[in-house]
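Please have the sequence and the coordinates open while reading.

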Amino acid sequence: MHSRSDDRDDRDDRGYRNDSRDVQDDRQPAKRRRDDGYDDRGYNNNNNNSNNSNNNNTNNSNNSNNNSNNNNSNNNNNNNYPPRNNNNTYNNNSINNNNNNNNNNLPNNNNNNNNNNNNPPRNNNNTYNNNNVNNNNNNNNNPPRSNNNNNNNNNNNHNNNNNNNNNNNNPPRNNNNNKDKSARVLSSEISEMKKRQDVIGVLALYTKNASQMNAIHLSNIYGVLARGVRRADDVARLQHDPNFSKLFDDTIDELKKNPEKFDIRQIATITHSLGRMKISDKRFTNEIVNNHQRIAQEGEPQALSNIVWAFAKFGYKADALFNAVAAQHRRIAEAGEVQNLSNVAWAFATLGCKAEPLFASIAGQHERIIESGNVQAMSNICWAFAKLNSKVEAGGTLFKAVAGEHRQIVRVSAGSGNVQAISNIVWAFAKFGYKDEGLFEAVAAEHVQVARSGDVQHLSNILWAFATIGHIDKAEALLEAVAGQYKRIVGSGNVLAMSIIAWSLAKLGYNNSTQAEGLFEAVAGEHERIVGGGDVQAMSNTCWAFATVGHKAEALFGAVAAEYKRIAETGDVQHLSNICWAFATVGVGVGVEADALFEAVAGEMERLVRDGKPQELTTIMWSFAIAGKLDEDEGKGKVLTEKLWTWACDARPRRKKNWWTQM
């Protein structure tokens, strides 16, 4: 997430930002549509329906006649949604109203045919003094609207109020309803607060008017919060805000008692907003899971993608929900947009939820995925397939189709500085085992932009992919450019990424250039951070890389050896194998006494024998032999090696016979 471009901190007394300036982060500014075509609720904005409304001035004539009655006639034909009615308070006998209606508000004309689509209802709240109105409303399917009022006033004679309401299918709406007026005003105020990113204001509005809020209001309020609360400290502050606590508690309570009041889109909007802020509560997620069947069956692909995406952000693997969504794989794949497919695949892969029919259906849409030109979606989908190690037959077809677009993918990504998309795709191809020379060469050709724009994690993923595929042809410029970023790499504090970059350069045999030497020296200087802040994998990668290039960094190896207990107890067999090999390879020349390390590894003999792979076990035996740990008659190293050798000669049933001959 990017930081603000200046040092100003425009916060109110509770610490929230209420300024209208666009803050640069992983989301788009408030007044711009998101590049992926989705608004702040996660819904598509690519298809905009233009509503062209004319400004109509409605003049309600007040004719004063003694002993005369005037009737008003309205003919309203409304489709799909109930009409909107004017909310006017009349206190005088003589009235001239000019009503300007824009966008979705219908004009009020005398004797008008109003055909309205997709507009929420408005109710009429009219208070008349000494006026009687005759309304003749003929309605099909929808409640009546009274827009044309011809008011005749007489001090002696009053006009009778004759209402002839012919309503089909839908009950009439009450004409005197202050709550409906409040609902409309509340929606308008929430919309304005969303534009201003007014977090405090919208929370105060909810607290004051909680009893009048409906599900639409709630979902829109969460949209305001997701837009205005972005930084981790803002999220923490929000969670301690009593107004937010009331909003969240009320939402959970309503979902529990009356879930049918929320349609699936509103549930998806609330869930998606919480996912963006990474605010998770077991009470909330439990209510979503409790409604998983309804959500899966009634939810549109976009709503389903938003919900599972949010759960992945929460880190909450809800099997019932994900299984129900996966069961809708055909509908999701065929009706969902490419961005929806990307979000679904990413969510399932992030949580490790395997769903082969779902991924087969997504892969079957490879032509549409490619035609969309959505590079980020393509990279996320490929990443998800590789992450789950999906074996669906259509997976190969998907990767082949993506590889065919490598020029556009790399050109668009590099041109926009989206190194993450490049990183995801090449990592996915390497993990999936699909080697495409054209893709890797195209990435290498963009070495300048990649090295300068990519963050350290992305650079480590790209180099890992090149090293895993074994692609070195035409890649020297890329390796040199990344190595040249060693100050930034070391300064990032990302110990694992640092170790992977060193491992990749060593694996590719690229260590003789000035930039590569500078990188290894810089990494060696971070030995305290590597040992103190890194896990066993980072120490394993780093030691293996330094041993491979022949860099005897005494301080580094000494710091690692001092962590022998943690290494032996928490490292997996591969990590222990690599560390033992590295110490045996650099030898005693580094001046490191590693006896305690080898002794601790030998103490894990039962686990090594049980979990180790042939390559790992033979490497451990070799390392103990080279390090001279077999010369001790009573040493654990000799006992371990004897056990491993006996185990190998026995050719245990769980291994192939003569497996050591295949090494």
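Does Asp249 count as buried, partly exposed or exposed? At 35% relative accessibility, Asp249 counts as partly exposed. The model is predicted, and the points below are grouped by the kind of contact.

**Salt bridges**

- In total, 16 salt bridges are present in the structure.
- In general, side chains of opposite charge can pair when their charged atoms come close.
- Asp249 has Arg283 as a salt-bridge partner, with 3.0 Å between the closest N and O atoms. Arg283 belongs to helix H7 (residues 282–290) and Asp249 to helix H5 (residues 242–257), so this pair ties together parts that are 34 residues apart in sequence.
- Arg283 is partly exposed, with 41% relative accessibility.
- The pair is part of a network of salt bridges that links Asp249, Asp281 and Arg283.
- A salt bridge also joins Asp234 and Arg237, where the closest N and O atoms are 3.0 Å apart. Both residues sit in helix H4 (residues 232–239), and because they are three residues apart, about one helical turn separates them.
- An α-helix has 3.6 residues a turn, so residues three or four places apart point the same way.
- The two partners fall into separate accessibility classes: Asp234 is buried at a relative accessible area of 2%, whereas Arg237 is partly exposed at 29%.
- Arg607 pairs with Glu604 in a salt bridge, and the closest N and O atoms lie 3.1 Å apart. The relative accessible area of Arg607 is 17%, so this residue is classed as buried, the cut-off being under 20%.

**Aromatic pairs**

- Searching the whole structure gives 18 aromatic pairs.
- One of them is formed by Trp503 and Trp544, with 6.0 Å from centre to centre and 40 degrees between the planes, a tilted arrangement.
- Trp503 is in helix H24 (residues 495–507) and Trp544 is in helix H27 (residues 536–549), so the pair ties together parts that are 41 residues apart in sequence. Both Trp503 and Trp544 are buried.
- Phe520 and Phe546 form an edge-to-face pair, with 5.3 Å between ring centres and 80 degrees between the planes.
- This pair links distant parts of the chain, 26 residues apart, with Phe520 in helix H25 (residues 514–524) and Phe546 in helix H27. Phe520 and Phe546 are both buried.
- Helix H27 therefore supplies Trp544 to the tryptophan pair and Phe546 to the phenylalanine pair.
- A cluster of Phe399, Phe429, Phe432 and Tyr434 is linked by ring pairs.

- Helix H19 (residues 437–445) has Leu439, Phe440, Ala442, Val443 and Ala444 buried.
- The cover over the buried residues of H19 includes helices H17 (406–416), H18 (419–432), H20 (447–453), H21 (456–469) and H22 (476–483).
- In helix H28 (residues 554–561), the buried residues are Leu556, Phe557, Ala559, Val560 and Ala561.
- The buried residues of H28 are covered by elements including helix H26 (527–533), H27, helix H29 (564–570) and helix H30 (573–586).

Note on methods
Residues numbered from 1 in each chain as written. Predicted model: local features only at pLDDT ≥ 70, side-chain atom pairs only at ≥ 80, totals over all residues. Heavy atoms only, no water. Salt bridge = Lys/Arg side-chain N within 4 Å of Asp/Glu carboxyl O. Helix = DSSP H or I, 4+ residues; strand = E, 2+ residues; numbered from the N terminus. Buried < 20%, exposed > 50% of the residue type's maximum accessible area, 1.4 Å probe, protein only. Phe/Tyr/Trp six-rings, centres within 6.5 Å; stacked < 30°, edge-to-face > 60°. Contact = heavy atoms within 4.5 Å.
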